[in-house]
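Take a look at the model below. This report moves from one contact between two side chains to the whole chain.

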Amino acid sequence: KEEITHLASKEDIANMATKQDIDNMLTKDDMAHLATKEEIADIPAIKVAVLKIKEIVKMIQEDQKSIFGILGEHEVSIRTLKRRSLGHN
């Protein structure tokens, strides 16, 4: 009877992890790469910054289209090459 008391009950077996549960568990390496609470708190600010940059880039692209229209793509390319050759990025 003593040996029987050490066996798992039906409830114990029902609560055991399956192979799939074990396969889905995080490793210590996975845990080391998770975001911290502070990093997660910064996400809204990062999203706002990215959206602002995206809008600025869009404005620059629109301005560049206008410049191409005024000067012509060929002239803009020549000026860009001259600037690069002089080391003025």
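Arg 79 and Glu 75 form a salt bridge, with their closest N and O atoms 2.9 Å apart. A salt bridge here is a side-chain nitrogen of Lys or Arg within 4 Å of a carboxyl oxygen of Asp or Glu. Both residues sit in helix α7 (residues 73-85), four residues apart, which is about one turn of the helix. An α-helix has 3.6 residues a turn, so residues three or four places apart point the same way. Side chains of opposite charge can pair when their charged atoms come close.

The model is predicted: local features need pLDDT of at least 70, side-chain atom pairs count only at pLDDT 80 or more, and totals for chains, interfaces and linings use all residues. Residues are numbered from 1 along each chain as its sequence is written, and side-chain values use heavy atoms, with hydrogens and water left out.

**Salt bridges**

How many salt bridges does the rule give? The count comes to two. Lys 65 and Glu 62 are separated by about one helical turn, because they lie three residues apart in helix α6.

Buried means under 20% relative accessible area, exposed means over 50%, and partly exposed lies in between (1.4 Å probe, protein chains only).

| Residue | Relative accessible area | Class |
|---|---|---|
| Lys 65 | 56% | exposed |
| Glu 62 | 40% | partly exposed |
| Arg 79 | 48% | partly exposed |
| Glu 75 | 29% | partly exposed |

**Helices**

The protein has seven helices and zero strands. Helices (H or I, at least four residues) and strands (E, at least two) are DSSP runs, numbered from the N terminus. Along the sequence the pattern reads α-α-α-α-α-α-α.

Helix α6 covers residues 43-71 and has 29 residues. From its first C-alpha to its last it reaches 41 Å, close to the 42 Å expected at 1.5 Å a residue. The expected span is 1.5 Å times one less than the number of residues. Helix α7 has 13 residues and should span 18 Å; its end C-alpha atoms are 18 Å apart, which agrees.

Gly 72 follows α6, and its phi is positive, near 90 degrees.

**Confidence**

The protein averages a pLDDT of 83, and 91% of the residues score at least 70. pLDDT is the predictor's confidence in each residue, from 0 to 100. Which elements have the lowest and the highest mean pLDDT? Helix α1 (residues 2-5) has the lowest, at 61, while α6 has the highest, at 92.

**Overall shape**

The protein has a radius of gyration of 31 Å, whereas a compact globule of 89 residues would have one near 12 Å. This radius is taken over C-alpha atoms, and the globule rule is 2.2 Å times the number of residues to the power 0.38. Along its principal axes, the C-alpha trace spans about 95 × 25 × 20 Å.

Asn 15 and Lys 54 are 39 residues apart along the chain, and their C-alpha atoms are separated by 49 Å. Asn 15 lies in the loop between α2 (10-14) and α3 (19-23) and is exposed, at 61% relative accessibility. Lys 65 and Asp 30 are 35 residues apart along the chain, with 46 Å between their C-alpha atoms. Asp 30 is in helix α4 and counts as partly exposed, at 33%. From Asp 30 to Lys 58 the distance is 37 Å, C-alpha to C-alpha, across 28 residues of sequence.

**Surface**

What share of the 89 residues is buried? Buried residues make up 2%. The accessible surface comes to about 8900 Å², and 60% of that belongs to carbon and sulfur atoms. Accessible areas come from the Shrake-Rupley method with a 1.4 Å probe; for residues, only the protein chains shown count as cover.

Leu 26, Met 31 and Leu 34 make a nonpolar surface patch of about 300 Å². Patches are made of residues with over 30% relative accessible area and no salt bridge: like charges are joined within 9 Å, nonpolar side chains (Val, Leu, Ile, Met, Phe, Trp, Tyr) within 5 Å. Leu 34 is found in the loop between α4 (28-32) and α5 (37-41). Leu 34 is partly exposed, at 45% relative accessible area.
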